[in-house]
Amino acid sequence: MNNKLKIFKTLFLKELRDVLRDKKAIMMMVLVPVVVYPLIVLGSLMVTNILADDKDTTYDITVYNESTGLDARNLENILKENAVETNEEDGSKEQLYNVVFNVSDTKISEDQCKDMIGDKNLDVYLEIADNGEKVEVKAFYMESVNESSEAMDKVRRAVDDISDGIVEENVEKAGLDTDSFLNPISFEKKGLSSSEQIAGQILGMILPMMIVLSILISVMHPSIDLTAGEKERGTLETLLMLPVSGKYIVMAKTLTAALCGVVTAILNILSMSVVFGVMFEQLKASGMMDGVNIDFSSFISAMLLTFPVIIVTALFMSAIFMCFTCFAKSYKEANSYMSPVMMVLMFLAYGSMIPTVELNQYVAVVPVLNVSILLRDALNFKLDYAILLLVLCSMVLYSVLAILFLSKAYNSENLLFGDGKNAISLFEKRSNIKKGMSVTIGDACFIYPFVILVYLLFGTLIQAKYELVGLPISQFLILVGIPLAFFVYAKKDIKKVYSFNKCKPLSLVGGVITGIGAFFVAAILGDIIMKVTGITVNEGLSDTLTGFFSHNVIAAVLCVALTPAIAEEMLFRGIVFSALKDKVKPVCSVLIVSVLFGLFHMDLLKFFTTGALGAILCLTVYFGGSIFPSMLAHFMVNSISVIMAKYATEQMINTLNEPIFGIIGFGLVVIGLFIVKNSNKKSSF
Amino acid sequence: MIRAKNLVKTFTKTVQKNKKVEFNAVDGISFEAEKGEIVGLLGPNGAGKTTLLRMLAGLMTPTGGEVSVTAGSGEITGNEELKRHIGYMSANTKLYGRFSAREILKFYGQVYGMEDADIDRRTDEIIKVLNMGKFADNRIDRLSTGQVQRTSISRCLIHDPEIYIFDEPTLGLDILSSSAIIDFMLAEKEKGKTVIYSTHYMEEAEYLCDRIVMIHEGKVVCNDSPDNLKKETGSQNLREVFRKLIENKMESAANE
């Protein structure tokens with residue numbers, strides 16, 4: 001494996017060097033995020049500034065007045081008053097626009113009026129006449145001419161002002177209180193969003209799309225160049241003469257293109273932060289942001305959380321792009337294949353601009369759209385960890401599928417010598433699969449995201465419908481059933497995959513002791529994290545659990561404690577750990593399994609506690625060489641939690657959080673693991 | 001030693017719209033090349049030489065028949081293992097233009113699983129033998145045709161294979177460059193390596209090859225030493241042999 005890893009590294013570095021020496025790729029990678037995007041933003045900002053600064057606008061208004069109730073001069077005065085803005089603090093005055101007011105002696109016909117507006121001699125023409133008690137004002141303007149409709153708004157405001165004045169006068173004459181009569185209801189808006197939330201909302205509209213598009217653009221060139229470009233330059237046949245499987249070649253290529261995307265996205269975020277920072281400082285200096293204070297550091301956590309999202313997006317795009325480009329014979333041909341793909345992906349990336357699209361579990365499996373909305377939600381401080389996991393899993397799954405497809409393509413001579421149109425079967429024919437193989441990392445990469453995806457989508461539905469019984473149904477059906485079906489199809493050695501090895505009764509005892517210890521360790525760890533970081537338990541989660549416990553204790557123990565002890569162990573300490581243990585260093589495989597196990601629990605606090613638990617259970621399998629002690633340990637942890645949740649008093653829980661129990665728990669874990677390890681040794685002799 | 005046993009490769013080609021016809025580009029070819037032997041593969045364009053060489057090199061899977069290779073300690077099995085013992089070069093095995101010869105050699109050496117020290121030693125050797133010192137550190141897209149061809153050969157040499165398969169290695173080269181490649185092949189033969197190569201230059205084949213395999217329309221026409229072939233057909237040189245044998249075939253095909 002180490003040798004293969006070395007070869008893979010060599011291939012990857014070769015591709016990377018090839019891309020880095022390609023000026024075009026560097027341009028796409030650096031130029032777009034660092035130069036083009038900031039320029040677009042600054043440019044559009046300047047344009048709006050120029051438009052806003054235009055103080056020389058003059059509105060030509062002509063009036064024909066045959067009314068006795070409304071004086072045209074009065075209207076002129078009010079129009080001109082409205083054109084000047086007085087600063088309330090220092091009393092300085094500012095002319096916003098100019099008004100040229102003409103009184104005409106004759107009526108102007110509509111056609112004439114149109115011509116005059118068209119020639120810019122006139123913006124609005126008013127006809128004022130009496131109609132019984134009322135004064136009738138007819139205003140003629142052209143909606144299609146910008147200045148004309150602006151002038152119309154000014155006239156409207158002036159007429160309303162006059163009208164209000166008359167009403168006020170009349171009310172006063174009638175001896176009523178003007179304020180309470182005219183404004184019987186007072187209305188005041190109070191926005192509760194913090195400045196950060198408002199800024200996040202605005203950033204959330206633009207930034208996700210920009211990031212996704214910049215990844216798209218920077219990944220595209222290397223994806224084409226490393227596949228179709230390589231074919232065009234004739235180096236593919238040389239590469240395939242190497243004694244390596246197509247899988248490694250493909251992975252090196254996808255990772256290289258993905259890396260370009262990640263670099264671009266990070267550069268993009270940095271450059272946009274600088275641009276927004278500068279913009280903000282300028283606005284502050286010009287006094288437009290008085291009273292608004294944005295703490296930009298509050299976005300750092302959102303940015304950090306989006307980092308894994310950026311990685312999977314880049315990986316997804318490079319894998320998907322290559323699935324299309326690898327069939328092209330030249331760069332040009334690949335470009336034309338890419339156009340429809342680009343269109344679809346760009347359309348999906350625009351998702352963040354539509355505020356009504358919410359990130360539910362169905363949107364979360366739509367590639368690119370999910371990422372775009374997830375980034376928006378992160379900037380809006382609305383990130384849901386379950387959805388984050390779902391998005392990550394679905395993107396990884398699609399990428400793995402695409403890479404599988406690609407490695408098939410690269411092992412096929414159709415791609416190299418033929419027209420590339422012959423179908424490539426994604427999965428090995430069953431008759432070609434060797435019997436009794438153990439599970440590989442590739443298998444695990446495919447099964448884990450797939451199972452988690454199905455579990456999050458349908459498992460939660462089953463659990464909501466059948467409540468307590470839903471847990472065993474969903475866990476056995478999805479976590480155990482799906483992988484098992486796959487392994488039967490792939491003729492795997494089930495016993496080997498799940499480490500269903502015989503073990504001594506003594507090691508089962510060790511498992512029980514480890515489990516009891518692990519419970520204490522997890523409890524203390526959770527308490528410490530809660531106290532130090534202020535993260536709390538997800539309330540919805542604990543409500544469901546309390547709901548479960550209102551049932552019969554035995555049923556609750558069976559469903560909530562026993563089921564996961566079997567199903568989760570089979571998935572994590574069975575499949576995932578088996579796939580890793582011979583190929584990766586033990587420390588790394590334990591770490592990976594515990595991170596995956598922590599993620600599976602979809603809660604920030606539980607991530608750490610169950611992660612630690614996962615590590616202990618992994619060690620139990622590692623030392624014991626069998627899954628049964630760890631199943632037992634898992635069962636112990638769960639059933640103690642169930643019983644505690646039902647019977648323990650507040651005081652008992654507080655006592656349990658004393659550090660001494662942590663030390664006892666750790667001791668128990670060490671003793672338990674020691675017993676498991678020793679009894680395993682004996683049985684092997 | 002490399003042996004082709006009844007090799008068949010079937011392609012489908014589209015004759016008219018939606019009408020596909022199967023044909024055998026290589027149609028039951030058997031021959032072998034021993035240690036220390038240079039075997040020349042001759043035949044008109046489209047005879048199936050390139051397809052045959054690709055199958056021998058493990059780049060293509062034969063539709064029928066098999067390739068067996070004996071190298072070092074014994075029989076070689078598995079495609080990846082096979083590729084470790086073969087150095088293959090053709091007009092289609094181009095090199096990365098953005099790399100230098102030295103970098104290419106390092107990369108290929110690493111993928112063949114060689115130690116860095118071994119790679120460096122072997123690289124210096126190869127550069128000396130093929131006289132590449134002047135341009136070994138320049139980017140390949142800035143080299144001349146002859147220099148590129150020499151770099152291509154050096155790429156096949158890095159893992160010190162027992163069998164060389166060259167598809168028209170001297171195509172389009174000037175006399176100096178092509179004689180450097182011919183000298184190299186002779187030197188490798190002296191070392192006990194097996195060389196199979198295809199060419200259209202008859203004089204070159206006559207000078208170099210211990211045995212000539214002529215193929216036409218995917219079938220072996222003759223398989224013997226150049227001298228025997230000349231005797232059998234009563235010809236002065238290989239060019240005449242080629243014309244007699246191949247033209248005969250073409251005429252009889254036309255008469256049928």
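**Reading a predicted two-chain model**

Biologist: What makes the span of helix α22 (residues 628–647) of chain A agree with expectation?

Modeller: In this predicted model, the 20 residues of α22(A), taken at 1.5 Å a residue, should span 28 Å, and because its end C-alpha atoms are 28 Å apart, the two values agree. The buried residues of this helix include P629(A), M631(A), L632(A), F635(A) and V642(A).

Biologist: What is said about phi in V368(A) and in D160(B)?

Modeller: Most residues other than glycine have a negative phi. Phi of V368(A), however, is near 70 degrees, a positive value in a residue other than glycine, and D160(B), which is not a glycine either, has a positive phi of about 50 degrees. V368(A) is placed in the loop between α11 (331–349) and α12 (369–379) of chain A, while D160(B) is found in the loop between α5 (145–157) and β7 (163–167) of chain B.

Biologist: How do you know that α19(A) and α20(A) meet, and which residues do so?

Modeller: Two residues are in contact if their C-beta atoms lie within 7 Å, and by that test residues of α19(A), among them F572(A), V576(A) and L580(A), meet residues of α20(A), including I592(A), V593(A) and F597(A). By class, this contact has 9 nonpolar, 1 polar and 2 charged residues. The axes of helix α19 (residues 553–581) and helix α20 (residues 586–600) of chain A come within 9 Å and cross at roughly 145 degrees, and the crossing is right-handed.

Biologist: Which residues have the most contacts inside the largest nonpolar core?

Modeller: That core has 222 residues, and those with the most contacts inside it include V219(A), L374(A) and V576(A), together with L56(B) and I165(B). Its largest share, 18 residues, comes from helix α13 (residues 385–411) of chain A. Leaving aside its neighbours within four places in sequence, L374(A) is in contact with V309(A), L359(A), I387(A), L388(A) and V391(A).

Biologist: How many residues does each chain give to the contact between chain A and chain B?

Modeller: The contact takes 20 residues from chain B and 20 residues from chain A. On the side of chain B that touches chain A, α2 (79–84) and α3 (101–111) of chain B each supply at least two residues.

Definitions and conventions: Residues are numbered from 1 along each chain as its sequence is written. Chains are lettered from A and ligands numbered from 1 in the order in which they are written. This is a predicted model: local features need pLDDT of at least 70, side-chain atom pairs count only at pLDDT 80 or more; totals for chains, interfaces and linings use all residues. Helices (H or I, at least four residues) and strands (E, at least two) are DSSP runs, numbered from the N terminus. A nonpolar core is a set of buried Ala, Val, Leu, Ile, Met, Phe, Trp, Tyr and Cys residues joined through C-beta atoms within 7 Å. A residue is buried if 20 or more other C-beta atoms lie within 10 Å of its own, exposed if 12 or fewer, and partly exposed in between; C-beta atoms are placed from the backbone. Axes are lines fitted to C-alpha atoms, for helices over the stretch in contact, and angles run from 0 to 180 degrees between N-to-C directions. A crossing is left-handed if the near helix is turned anticlockwise from the far one by less than a right angle, and right-handed if clockwise. Ala, Val, Leu, Ile, Met, Phe, Trp, Tyr, Cys and Pro count as nonpolar, Asp, Glu, Lys and Arg as charged, and the others, Gly among them, as polar. The expected span of a helix is 1.5 Å times one less than its number of residues.
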